[in-house]
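Q: Hi, I'm new to this structure and would like to be walked through some of its side chains and strands. Could you take it slowly?

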Amino acid sequence: GGGEGGVVMADVFTLTVASGLTPKITASLGSNLSFFNFLEEEEDDEDQMFLAIRPNLTYEILRFWRLSLVYEFAFTNFDSSANADRFDHRFIFASQFTVRESLFLSLTYRSRVRKFGGGTIETGDQPFNRNDVMLTLTYAPTFLFGR
């Protein structure tokens, strides 16, 4: 319950659809719809609905080099009319190189914007515009289990 030790019931629905448009281009659409019911006895509880939509487009330039373009929209609606609804927009552009099997080098640019609508902004939360550039090296082994 917001880090205060309360109890919450959550109903979460996710959906992801992907399609190879061409042998080198893959499109996907992911979505998440969540309902959080904070089981507190106070009248001013923080029940909320969260919706995220993520379209993604990946282009394989070469077998070992991929470019990805992702946009994510997330909306958080608070049941309490006193709290402001939250709108998050994320734009991500990534270039990923396969160095070796299971070893990836990525250069990522991410832009994030948070805005609010109506009500009061929660303590510690604020609107922002942020830009990040990250260079990461990832080791992601594949484990196969069989008989």
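A: Gladly, and please keep in mind that this is a predicted model. A place to begin is the pair Asn 32 and Ser 34, whose side chains are joined by a polar contact of 3.1 Å.

Q: Where does Asn 32 sit, and is Asn 32 buried or exposed?
A: Asn 32 belongs to strand β2, which covers residues 25-38, and with a relative accessibility of 16% Asn 32 counts as buried, because the cut-off for that label is under 20%.

Q: What is Asn 32 in contact with, leaving aside its neighbours within four places in sequence?
A: Once those neighbours are left aside, Asn 32 is in contact with Val 12, Phe 13 and Thr 14, and also with Phe 50, Leu 51, Ala 52 and Arg 54.

Q: How many bridges join β4 to β5?
A: There are 12 bridges between β4 and β5, and these strands run antiparallel.

Q: Switching to rings, how many aromatic pairs does the structure hold?
A: The structure holds 2 aromatic pairs. In one of them, the rings of Trp 65 and Phe 97 have centres 5.2 Å apart and planes at 15°, so this pair is stacked, given that the cut-off for stacking is under 30 degrees. Trp 65 lies in strand β4 (residues 65-78) and Phe 97 in strand β5 (residues 85-100), so that the pair links distant parts of the chain, 32 residues apart.

Q: And how accessible are Trp 65 and Phe 97?
A: Trp 65 is partly exposed at 25% relative accessibility, and Phe 97 is also partly exposed, at 31%.

Q: What about Phe 75 and Phe 87, how are their rings placed?
A: The ring centres of Phe 75 and Phe 87 are 5.1 Å apart and the planes stand at 35°, so the pair is tilted. Phe 75 lies in strand β4 and Phe 87 in strand β5, so the pair ties together parts 12 residues apart in sequence. Phe 75 is buried, with a relative accessible area of 15%, whereas Phe 87, at 26%, is partly exposed.

Q: Last one: which ring does Arg 130 lie over?
A: Arg 130 lies over the face of Phe 128, at 3.8 Å from the ring centre.

Key: Residues are numbered from 1 along each chain as its sequence is written. This is a predicted model: local features need pLDDT of at least 70, side-chain atom pairs count only at pLDDT 80 or more; totals for chains, interfaces and linings use all residues. Side-chain values use heavy atoms; hydrogens and water are left out. Rings of Phe, Tyr and Trp (its six-membered ring) pair if their centres lie within 6.5 Å; planes under 30 degrees apart count as stacked, over 60 as edge-to-face and the rest as tilted. Helices (H or I, at least four residues) and strands (E, at least two) are DSSP runs, numbered from the N terminus. Buried means under 20% relative accessible area, exposed over 50%, partly exposed in between (1.4 Å probe, protein chains only). A charge sits over a ring if NZ of Lys or CZ of Arg is within 6 Å of the ring centre and within 35 degrees of the ring normal. A polar contact is a pair of N or O atoms within 3.5 Å; within protein, one must be able to donate a hydrogen and the other to accept it, and residues adjacent in sequence count only if both atoms are side-chain atoms. Contact means heavy atoms within 4.5 Å. Two strands pair if DSSP finds at least two bridges between them.
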